[in-house]
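Trainee: Could you take a close look at one strand with me, and show how that part sits within the chain as a whole? I would be glad of one connected walk through it.

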Amino acid sequence: MSKTRIAFIGAGNMAASLIGGLRAQGVDAAQIRASDPGAETRARVHAEHGIQLFEDNAQAVDGADVVLIAVKPQAMKAVCQALKPSLKPNQLVVSIAAGITCASLRNWLGEQPLVRCMPNTPALLRQGVSGLYATEQVSAEQRAEAEQLLSAVGVALWVDSEQQLDAVTAVSGSGPAYFFLLIEAMTAAGEKLGLPRDVASRLTLQTALGAAHMAVASDVEASELRRRVTSPNGTTEAAIKSFQANGFEVLVEKALGAAAHRSAEMAEQLGN
Ligand SMILES: NC(=O)C1=CN([C@@H]2O[C@H](COP(=O)(O)OP(=O)(O)OC[C@H]3O[C@@H](n4cnc5c(N)ncnc54)[C@H](OP(=O)(O)O)[C@@H]3O)[C@@H](O)[C@H]2O)C=CC1
Ligand SMILES: O=C(O)[C@@H]1CCC=N1
């Protein structure tokens, strides 16, 4: 990223996380620009990150090597179509919009080199993970630029087929919400078992953090880590048996299937 100039279209939550990650990695404020219709958003992002902000998207992309579009999926068509006349053929366009395919982006933008990716909200803490897919027009140098950009906020992983981004969205894009749901449910259950709410909450959160650290640091599978917690005929076995008797794995598979299906459905609904 030493000299790469990056323009963000939309300066909301995900864009601000990425801008923060780039700045924390030492990318100069002068290399980054952004545009957003909200005056308050522009003022806040400028105050936090020192970058230049524009109301006009065309001004933001002028002279940029990489244009990262970070508006809501529903706004993508209009934003891309309006941006098309301002783009140069060699500018790499990166989209983080859920459920917007490269085919749609190409229809709206023309033959730009395109990278479609799916980050997640822990990007805010530089603990995110993103799946990336590049079209054929993307050069090796542009691939490296896209990877560096997403690596500023966590781990960046390439996928071979665009369809796999529906699965990435289901696993990691939406994934933080599943863990938050489990945290909510465990905290509530702890409270029902007689703990004060703040104690139930801290026990749950520290357990989630500790388990995630263990799973990341471990050289054995999660199933083996689980086995090591599970004493024969003990408390964990009672809980796991209850989870499984109530169809836990099927529940998770169905939920992720619903997310992936919705990602593909959004492509149909918003892509024309
Ligand atoms: N949130 C998540 O967990 C994840 C989101 N994504 C994707 O990231 C994208 C952005 O999401 P998120 O950051 O959460 O959304 P936000 O709503 O926080 O950010 C979008 C920003 O774009 C602005 N905007 C609207 N219209 C335009 C326009 N015409 N030109 C420029 N900017 C515009 C919005 O302004 P205003 O609010 O005034 O309309 C807003 O500030 C989405 O496509 C989403 O699918 C991807 C992975 C995870
Ligand atoms: O819920 C959504 O559609 C977006 C995409 C992944 C996370 N949030």
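Mentor: Happy to! Of the contacts in the chain between residues at least 6 apart in sequence, 62% join residues at least 24 apart. Bear in mind that this is a predicted model. Its chain has 12 helices and eight strands, and the C-alpha atoms fill a box of roughly 65 × 40 × 35 Å along the principal axes. Out of 272 residues, 39% are buried.

Now to the strand itself, β1, which spans residues 6-9. Cover is found on both of its faces: Ile 6 and Phe 8 are buried on one side, while Ala 7 and Ile 9 are buried on the other.

Next, look at the partners of β1. One of them is β2 (residues 32-35), which runs parallel to β1 and is joined to it by four bridges. In that pairing, Ile 9 has Ser 35 of β2 standing opposite. To get from β1 to β2, the chain passes through helix α1, residues 13-24, making a β-α-β crossover that is right-handed. Another partner is β4 (residues 66-69), again parallel to β1 and again linked by four bridges.

Methods:
Residues are numbered from 1 along each chain as its sequence is written. Chains are lettered from A and ligands numbered from 1 in the order in which they are written. This is a predicted model: local features need pLDDT of at least 70, side-chain atom pairs count only at pLDDT 80 or more; totals for chains, interfaces and linings use all residues. Side-chain values use heavy atoms; hydrogens and water are left out. Buried means under 20% relative accessible area, exposed over 50%, partly exposed in between (1.4 Å probe, protein chains only). Helices (H or I, at least four residues) and strands (E, at least two) are DSSP runs, numbered from the N terminus. Two strands pair if DSSP finds at least two bridges between them. A crossover is right-handed if, with the strands pointing away from the viewer, the path from the first strand over the helix to the second runs clockwise. Contact means heavy atoms within 4.5 Å.
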